[in-house]
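Please look over the sequence and the model before reading on. This report goes through them part by part.

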Amino acid sequence: MARCGNILALGLTQFHKNGIAIIENVVAHSSLDHIRRRMLKDLPRNLASPEVHYNHGKTHRNVSQTPPLLADYLHEDIWANRVAVTLMEHIIGPKPQLSFATSNIAVPGGQGRQAVHSDYYCDHHNFPVVLEVCVFLDTVDRNNGSTEIWPGTHHGYTKEHHTFADMGWIRKSVFEKRAQICPPIQPVIPKGSLCVRDLRMWHAGMPNYTTVPRIMLGFIFSPKWFGSRMRLKLPGAARTIAESWKQVEVLCEAESAKDDMDYLNFAQEMNLTQKERDWEGKYVPKHGCISAGPDDYWEPA
């Protein structure tokens with residue numbers, strides 16, 4: 001019990017100071033390898049699809065890909081990890097709601113990098129509300145595209161510091177000033193770890209210089225009072241598993257998908273507001289529609 005209490009205290013300290021907590025040795029390698037094999041098998045079809053979603057431009061070779069939503073792949077230590085949930089409960093309250101699942105793949109051979117950005121593209125509260133649990137399927141470092149993170153940027157910054165009205169890219173003058181105080185880092189994160197981060201924290205996807213795709217899973221959680229408008233779409237068998245987890249509430253669409261659903265075609269739209277999206281209004285894609293240039297990221301002098 002003392003060890004668990006120490007981990008919790010260290011995680012909370014790290015989270016509130018930096019906007020992210022990295023917890024090692026909490027995900028079984030067998031779970032990671034199982035999902036990784038399936039996602040590598042799915043990747044060529046995703047890249048060949050006309051609907052493939054590149055983040056911050058095609059040349060960067062950073063793509064989103066829906067993880068396998070089938071029952072066999074819903075490993076609880078990845079989707080609803082109890083250590084991560086305990087940490088989140090001490091930040092946003094009991095039984096957080098899971099409403100979004102995706103992945104970010106740094107494909108080898110990319111040129112350039114992502115802009116410095118916050119995923120919280122809209123107006124938001126000035127305290128932690130929406131959290132992401134990130135799970136890397138392999139050890140990551142600067143060689144294979146460890147995410148650039150900007151510690152502490154979940155405090156003191158608002159929508160006013162963004163370049164675009166519909167996106168979370170940070171203005172150059174703002175991130176250059178921040179870099180003088182606390183420059184970004186690319187952490188080494190061992191396989192079997194997970195990260196819990198405040199969605200307000202700045203970060204940026206980086207190039208993968210190896211020959212092996214770097215895969216990161218991402219799961220979005222929020223407190224019940226927030227009333228997330230996002231919904232997962234799971235086949236019946238997978239939904240039964242997800243709804244059996246007592247430590248989280250998994251928000252799903254009213255109707256279950258067919259058991260043979262083509263989950264790669266289920267592209268969930270991120271909605272971090274507390275309002276339903278206006279389906280009649282103009283939809284502006286977040287992050288994927290513009291390529292990042294030198295004015296959108298920081299480089300050391």
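Is N25 exposed or buried? The model is predicted, and in it N25 has 67% relative accessibility, so N25 counts as exposed, the cut-off being over 50%.

## Two residues with positive phi

N25 is found in the loop between β1 (20-23) and α2 (29-48). Its phi angle is near 60°, which is a positive value in a residue other than glycine.

R61 is another residue with a positive phi, here about 65°, although R61 is not a glycine. R61 sits in the loop between β2 (53-54) and β3 (62-64). With 28% relative accessibility, R61 counts as partly exposed, because this value falls between the 20% limit for buried and the 50% limit for exposed.

## The chain as a whole

The protein chain contains six helices and 10 strands. Along the principal axes, the C-alpha atoms fill a box of roughly 50 × 50 × 45 Å.

Contacts can also be sorted by how far apart the partners are in sequence. Of the contacts between residues at least 6 apart, 84% join residues at least 24 apart.

## Burial, surface and charge

How much of the chain counts as buried? Of the 301 residues, 53% do. The accessible surface of the protein chain comes to about 14,200 Å². Carbon and sulfur atoms account for 52% of that surface.

The chain carries 33 positive and 32 negative side chains. The centres of these two sets lie 2 Å apart.

## Aromatic rings

The count of aromatic pairs in the model comes to seven. One of them is formed by F164 and W169. Their ring centres are 5.7 Å apart, and the planes make an angle of 75°. This pair is edge-to-face, because its angle is over 60 degrees.

Are F164 and W169 buried or partly exposed? F164 has 30% relative accessibility and counts as partly exposed. W169, at 1% relative accessibility, counts as buried, because that value is under 20%.

Ring pairs also link W150, Y157, F175 and W202 into a cluster.

Technical notes
Residues numbered from 1 in each chain as written. Predicted model: local features only at pLDDT ≥ 70, side-chain atom pairs only at ≥ 80, totals over all residues. Heavy atoms only, no water. Helix = DSSP H or I, 4+ residues; strand = E, 2+ residues; numbered from the N terminus. Buried < 20%, exposed > 50% of the residue type's maximum accessible area, 1.4 Å probe, protein only. Contact = heavy atoms within 4.5 Å. Areas by Shrake-Rupley, 256 points an atom, 1.4 Å probe, with all protein chains shown as cover. Lys, Arg positive; Asp, Glu negative; His and termini not counted. Charge placed at Lys NZ, Arg CZ, Asp CG, Glu CD. Phe/Tyr/Trp six-rings, centres within 6.5 Å; stacked < 30°, edge-to-face > 60°.
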